[in-house]
Amino acid sequence: MPLVEINFDGIIGPSHNYAGLSLGNVASASNKGLVSHPRAAALQGLAKMRHNLRLGLPQGFLLPHRRPDEAWLAELGTDAAAAPPSLRPAAFSASAMWAANAATVSPAPDTADGRCHLTVANLRTMAHRSHEAPETLAQLRLAFADAAAFAVHPPVPATFGDEGAANHMRLAAAHDSPGVEIFVYGHRGGAYPVRQHEEASRAVARLHGLDPERTLFACQSEAAIAAGAFHNDVVAVANGHVLFAHEQAFEDRAGVYAALRRVFPELELVEVPAAAVPLKEAISSYLFNGQLVTLPDGAMALVLPEEARETPSVWAWLEALAAGNGPIRRLFVVDVRQSMANGGGPACLRLRVVADPGTVDPRFLADEAKLDRVAGVVERHWPERIAPADLADPDLPPRLEGARAALLDALDLAALA
Ligand code: SUG
C-alpha cells in the first residue's frame with residue numbers, strides 16, 4: 001500500500017476543563033474559570049474524525065492520558081488529594097488532546113534511513129503540558145512499533161522547548177514524494193513566552209536525518225506571538241505544494257519565501273494580507289488552524305472551525321478563495337467549540353503521519369464502528385460538566401480513572417493502563 005497521510009486525533013479526555021493555564025494563548029486565558037463540558041467536547045472531537053473519515057481521509061487517534069497525573073505529582077512531593085492550587089489544575093489538564101503538539105513527524109521519503117521519524121515534544125514551557133511526554137512516548141512506541149517503517153525518538157533535552165508538529169510544516173509534490181521541511185521557531189514574543197526554541201528544531205532535524213539542503217528554519221514573527229499565535233499553526237499551514245500563511249506569520253517574510261522558492265520551485269503561496277484579515281481576527285477565528293487536506297479526487301480543502309465562519313472578514317476572504325482559481329477549492333466547517341475555548345482548533349487536535357496504514361498498529365486506526373464504540377464509552381463515562389472547584393472533589397479522580405479504563409478496554413489497549 002502506498003504512503004498516505006493519516007491524521008491521528010487526540011481523543012478529548014474526561015478531565016477537559018478551563019483553568020487558564022496557557023499564558024500567551026488568548027482563548028485559554030479569557031475562558032479561565034468557565035464550566036467545561038468534557039462529554040460534549042469528546043463527542044465534538046469524534047464528530048470531526050467522522051467528518052474527515054467520510055471525506056475519504058484515513059483517520060487514527062491517540063488516547064487521553066491518565067489524569068490526575070499522580071506520577072508527576074509524586075515527583076513534586078505531593079498527590080491529587082494534597083496538591084496545592086498552584087499544581088492541581090496542571091495535574092488534571094486534558095491538554096494531550098492537542099495531538100499536533102505530541103511530536104514532530106518526518107515522513108520516510110525525507111529521511112536518510114528511509115523510515116518515518118517521530119520525535120516526542122518536551123512541551124517544557126507550560127507546566128501542565130510538560131508532563132505529557134512519557135505517556136506520548138509510550139503510545140507512539142506502541143502505535144508505530146514497526147521498526148522497519150518507523151523510528152520513535154524520546155524528547156530532546158528540556159533545556160530547549162519543543163512543541164512538536166505545530167511548529168513544523170512540509171511541502172511536497174505529493175505526500176509520498178520527497179519533501180521540504182520547514183521548522184518554525186520563536187526568538188521574541190513581546191509579553192508572551194516563546195515556546196519553540198531554534199536549537200530544539202535543529203536537533204529534531206538532525207535526529208530525523210533530514211537533508212540540510214531541503215530543510216528550512218524560519219523565525220516566527222514577534223508580532224504574531226505577541227498577538228496570541230503561541231504556535232506557528234495558528235498563522236500558517238502547509239499541504240502538498242501549498243503554503244497558506246498570514247502576511248505577518250514570519251519575522252523575515254521575503255527571506256522565507258525566497259528560500260522556499262529556491263528549494264521548492266513548485267511552491268504555491270496563498271497569503272492572507274493583514275489588510276483583509278488582521279492578525280487579531282486570524283487568531284480569534286483560527287483561520288489558519290483549519291486542516292488543509294488533499295481529498296481523494298486530488299482537490300484541496302480546508303476543514304475549519306465554526307468560529308472562522310462567524311468572523312465576517314475571515315469568511316468573506318475564504319469564500320472568495322474557494323470561488324477563485326487558487327488551489328484551495330472546498331471549505332468544510334466543524335464544531336470543536338469546547339477545544340477552541342482552550343485555544344485548540346481542528347489542526348491542533350491532530351498529528352499528521354505519512355505512512356502505509358498497514359505498518360501502523362491497527363488499534364490506533366479509526367473506522368465508523370470503532371468511533372461508535374468510543375462515543376458509547378464517552379456517553380457513559382465522561383463527566384457532563386466540570387467547574388473549577390470540582391478539581392478538588394475527591395470523587396473526581398476515581399471517576400476519571402474508570403472512564404479511561406473503559407476506553408482502553410473498548411479499544412483493546414489495556415497495555416497502556
Ligand atoms: O498548549 N491549550 C493548548 C492549546 C494547544 C493548541 N495547539 C496547537 N496550536 N497546535 C496550549 O496552549 C489550555 C489549557 C488550559 O488553560 O486549561 C491549553 O493548554
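Student: Which residues touch the most other members of the largest nonpolar core?
Tutor: This is a predicted model. In it, the largest nonpolar core has 83 residues, and Phe-8, Phe-144, Phe-250 and Val-353 touch the most other members.

Student: What does Val-353 touch, leaving out residues up to four places away in sequence?
Tutor: With those left out, Val-353 touches Val-4, Glu-5, Ile-6, Phe-8, Val-105, Cys-116, Leu-118, Phe-144 and Phe-150.

Student: And which residues does the second core include?
Tutor: The second core is separate and has 20 residues, among them Phe-244, Val-270, Leu-304 and Leu-318.

Student: Cys-116 came up just now. Is Cys-116 buried or exposed?
Tutor: Cys-116 has a relative accessibility of 2%, so it counts as buried, the limit being under 20%. Cys-348 is buried as well, with a relative accessible area of 4%.

Student: How many disulfides are there?
Tutor: The count is zero. The criterion is a pair of cysteine sulfur atoms within 2.5 Å.

Student: Let us turn to the sheets. What is the strand order in the open sheet of three strands?
Tutor: The order is β2-β1-β15, and the pairing is mixed. Strands β2 (59–62) and β15 (350–355) are at the edges; each has a single partner strand, so one side of each has no neighbour in the sheet. On average, neighbouring strands here are turned by 30 degrees against each other, with direction ignored.

Student: How many bridges join β1 to β15?
Tutor: Six bridges join β15 to strand β1, which covers residues 4–10, and the two strands run antiparallel. Within this pairing, Val-4 has Ala-355 of β15 as its bridge partner.

Student: Which helix packs on that sheet?
Tutor: Helix α2, residues 38–54, packs on the sheet and touches β1, β2 and β15. The direction of α2 makes about 155 degrees with that of β2.

Student: Now β9. Which of its residues lie on each side?
Tutor: Strand β9 spans residues 236–239, with Ala-236 and Ala-238 on one side and Val-237 and Asn-239 on the other. These residues are all buried, and both faces of the strand are covered. In general, side chains of a regular strand alternate between the two faces of the sheet.

Student: How many bridges does β9 have with β10?
Tutor: There are four, and β9 pairs with β10 (residues 242–246) in the antiparallel sense. Asn-239 has Val-242 in β10 as its bridge partner. The hairpin of these strands has two residues between them, and Gly-240 takes a positive phi near 55 degrees.

Student: Changing topic: where is Glu-135 found, and what does Glu-135 touch?
Tutor: Glu-135 is in helix α5, which covers residues 133–143. Apart from residues up to four places away in sequence, Glu-135 touches Pro-64, His-65, Arg-66 and Arg-404. At 18% relative accessibility, Glu-135 counts as buried, because the limit is under 20%.

Student: Finally, the whole chain. How many helices and strands does the protein chain have?
Tutor: The protein chain has 14 helices and 15 strands. Its radius of gyration is 20 Å, close to the 22 Å from the globule rule for 417 residues, so the chain is as compact as a globular protein of that length. The C-alpha trace spans about 60 × 45 × 40 Å along its principal axes.

Student: What percentage of the residues is buried?
Tutor: Buried residues make up 60% of the 417 in the protein chain. As for contacts between residues at least 6 apart in sequence, 76% join residues at least 24 apart.

Note on methods
Residues are numbered from 1 along each chain as its sequence is written. This is a predicted model: local features need pLDDT of at least 70, side-chain atom pairs count only at pLDDT 80 or more; totals for chains, interfaces and linings use all residues. Side-chain values use heavy atoms; hydrogens and water are left out. Buried means under 20% relative accessible area, exposed over 50%, partly exposed in between (1.4 Å probe, protein chains only). Contact means heavy atoms within 4.5 Å. Two strands pair if DSSP finds at least two bridges between them. Axes are lines fitted to C-alpha atoms, for helices over the stretch in contact, and angles run from 0 to 180 degrees between N-to-C directions. A nonpolar core is a set of buried Ala, Val, Leu, Ile, Met, Phe, Trp, Tyr and Cys residues joined through side-chain atoms within 4.5 Å. The radius of gyration is taken over C-alpha atoms; the globule rule is 2.2 Å times the number of residues to the power 0.38.
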